[in-house]
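Please open the structure and work through each task before reading its solution.

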Amino acid sequence: IEEALDVIRKEVENCDCPQGFQICHSLGGGTGSGMGTLVLLKLRDAYPDRVLCTFSVYPSPKVSDTVVEPYNAVLSTHQLLENADETFIIDNEALYNISHNVLKQNAPTYADLNFLISCVMAGVTAS
């Protein structure tokens with residue numbers, strides 16, 4: 001975690017006026033839920049006056065491949081409530097439904113799903 005925070009600190013030092021941070025993570029897996037919320041906590045401690053925004057992909061029982069995904073999401077949600085200023089919840093099943101039903105992709109790849117998430121981010125952050 002210290003290595004990741006050092007990289008973030010160096011990037012912040014290169015900025016003239018950093019306004020905040022955006023974190024993209026999935027709450028089903030151990031890295032996105034555990035490491036992601038730990039980074040969120042450390043950022044809140046180090047930069048209490050900056051905006052912390054998360055784009056969090058929540059697991060869905062229909063497309064879940066791991067039994068512990070709902071458990072990880074529940075534990076992570078508390079950290080999001082305590083430490084994030086804004087949290088945009090993205091439903092994993094909805095991503096697959098949009099890809100399949102609207103974009104007519106039979107087997108969407110992670111790149112396709114990430115593109116949809118980037119469109120959401122652009123719609124939220126663009127002025």
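**Exercise 1. Which residues of H4 and H5 meet, and how do the two helices pack?**

Step 1: Leu95, Tyr96, Ile98 and Ser99 in H4 meet Tyr110, Leu113, Leu116 and Ile117 in H5; contact means heavy atoms within 4.5 Å. Helices here are DSSP runs (H or I, at least four residues) and strands are runs of E of at least two, numbered from the N terminus.

Step 2: Sort these residues by class. The contact of H4 with H5 divides into seven nonpolar, one polar and no charged. Ala, Val, Leu, Ile, Met, Phe, Trp, Tyr, Cys and Pro count as nonpolar, Asp, Glu, Lys and Arg as charged, and the others, Gly among them, as polar.

Step 3: Turn to the axes, which are lines fitted to C-alpha atoms over the stretch in contact, with angles from 0 to 180 degrees between N-to-C directions. Those of H4 and H5 come within 10 Å and cross at roughly 105°. H4 and H5 are therefore roughly perpendicular to each other (65 to 115 degrees; under 35 would be roughly parallel, over 145 roughly antiparallel, and the rest oblique).

A note on the source: this is a predicted model, in which local features need pLDDT of at least 70 and side-chain atom pairs count only at pLDDT 80 or more, while totals for chains, interfaces and linings use all residues. Residues are numbered from 1 along each chain as its sequence is written, and side-chain values use heavy atoms, leaving out hydrogens and water.

**Exercise 2. At what angle do H2 and H3 pack?**

Step 1: Helix H2 (residues 30–46) and helix H3 (residues 69–83) pack at about 15°, and their axes are 10 Å apart.

Step 2: H2 and H3 are therefore roughly parallel to each other.

Step 3: On the H2 side, the contact is made by Gly30, Ser33, Thr37, Leu40, Leu41 and Arg44, and on the H3 side by Asn72, Ser76, Gln79, Leu80 and Asn83. By class, this contact has three nonpolar, seven polar and one charged residues.

**Exercise 3. How many helices and strands are there in the chain?**

Step 1: Count the elements: five helices and three strands.

Step 2: Follow the sequence, and the pattern reads α-β-α-β-α-β-α-α.

Step 3: Along the principal axes, the C-alpha atoms fill a box of roughly 45 × 35 × 25 Å.
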